[in-house]
Every structure is written in structure tokens, then in C-alpha cells.
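Trainee: Please show me the model, and let us go through it by question and answer.

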Amino acid sequence: MTIEMYCPKWYYTGTVSEENQIKIKELFEEFLSNDENFATPNNWNCTARSTYEQKSNYSAPWQEFLDLIKDNINEFMEEVHPQIDVEIQPHEAWANRYSKGEYQEYHTHSSPMCNISMVYFYKENENTHFRLCDNDHEPYRISGLSEYLSIPSGSTLAPKVGQGSILIFPSHYGHYVTPNDQDAERITFSANFLVMPARVDS
């Protein structure tokens, strides 16, 4: 016999081809090097700087970026085996910068406009700072089971990602970014998508 799991949480990880990573860098290098494109949004309780809600964000080449990660989006869709014809509509995208010590608080991307979210690790150092959270673990902690037994559950998970990786997960998953403990700056892209039944052309 063995311990079995049911209804587990899930996520997708993939890596953008080296060729497309280079193209993404060429597309975004000038935009990302301009400090005026970044600020900490008023409703964020963190120190990370982002292009989110910045007017300049609309001038960034996000459509070209989405075209360059299309293979990963398609691979993700194949892995989740749609039961009906679906389409995935991009909703929004933005860039985040983390200097040493900077972090992002626990949050979700839950919204009627999206149900799938993505992180692209444009510039990542040796340590993975992104964390996915499992709020369902809390009853184990309260009951003492997580302290007394080695159970296949935890409150957080650090996905195995690196520079050029893509992470895709349901938008309602809680997640956060721990303080950057390296001198090198981290840069990530975030995006939200809406998976919905494919429209039938009349």
C-alpha cells in the first residue's frame, strides 16, 4: 500500500527556445532598461517595481512576446486535454523588476476576465524566489498532522524554474515572491488569459 493523493493542485512549466529567448530580449531590452517605465502600483503592498498600470506598458511589444511563447501555450493546452473546443484569449501582460531585497506580497490574479495566469522568467538568478501557496494545507497545520506526520502536503512550493522558463497556473492560486537575496536584478513577465469555449463563426 502507499499514500495516494486526489484532487491535487497543478501547474505547467516549460522553457522558451533559446532562439525565441534572444528575440524576446531584443524586443524588450530598451523598454526594460528605462526606469521611468516602472513603479510600485498603489494597491501593491510590496517593494517590487512593475509596468502594471503604467501608461508606457501599452507601448511594450506584448503581442510579439505572445507570438514567441505560442509553442509553450500550445504545449500547455495539449497537456490539459480540452474536453471541448476552446480558445485562450490574452487579457493583459506586464513586467516586474526585483533588485536585491525587493519582493512581492501574497496575492492572486482572480478576476472574471481571466482564469489562467503565466510568469515568464526573463532574467533569473540561481535561487527560485517564486512561491505557489496551498491554503488547503492550513487544516493540517492546525490539527498538528503536518508536525507529527510526513504527509505529501505543504503550505508553499518553489517550482523548479530558471531563466527562460514559463510557468502557467490557474489564476486563483495564491502566490508571492520572496526577497531577492542576490545582487543581480531579477526580471519577470506576468500575463493573464481567459480560457473559454471557442466561438463559432456565423
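Mentor: Some questions on the sheet and the surface follow. This is a predicted model, in which local features need pLDDT of at least 70, side-chain atom pairs count only at pLDDT 80 or more, and totals for chains, interfaces and linings use all residues. Residues are numbered from 1 along each chain as its sequence is written, and side-chain values use heavy atoms, with hydrogens and water left out.

Trainee: Which strands are the edge strands of the open sheet of six strands?

Mentor: Strands are DSSP runs of E with at least two residues, helices are runs of H or I with at least four, and both are numbered from the N terminus. Two strands pair if DSSP finds at least two bridges between them. The order is β1-β8-β5-β10-β3-β2, with antiparallel pairing. Pairing on one side only marks the edge strands, β1 (12-15) and β2 (49-50).

Trainee: Which residue in β10 is the bridge partner of lysine 123?

Mentor: Strands β5 (residues 116-123) and β10 (residues 186-197) run antiparallel and are joined by seven bridges. In β10, the partner of lysine 123 is isoleucine 187.

Trainee: Is proline 112 buried or exposed?

Mentor: Proline 112 is in the loop between β4 (104-107) and β5. Buried means under 20% relative accessible area, exposed over 50%, and partly exposed in between (1.4 Å probe, protein chains only). Because its relative accessible area is 79%, proline 112 counts as exposed.

Trainee: How does tyrosine 148 count, buried or exposed?

Mentor: Tyrosine 148 sits in helix α5 (residues 145-148). Its relative accessibility is 61%, so tyrosine 148 counts as exposed.
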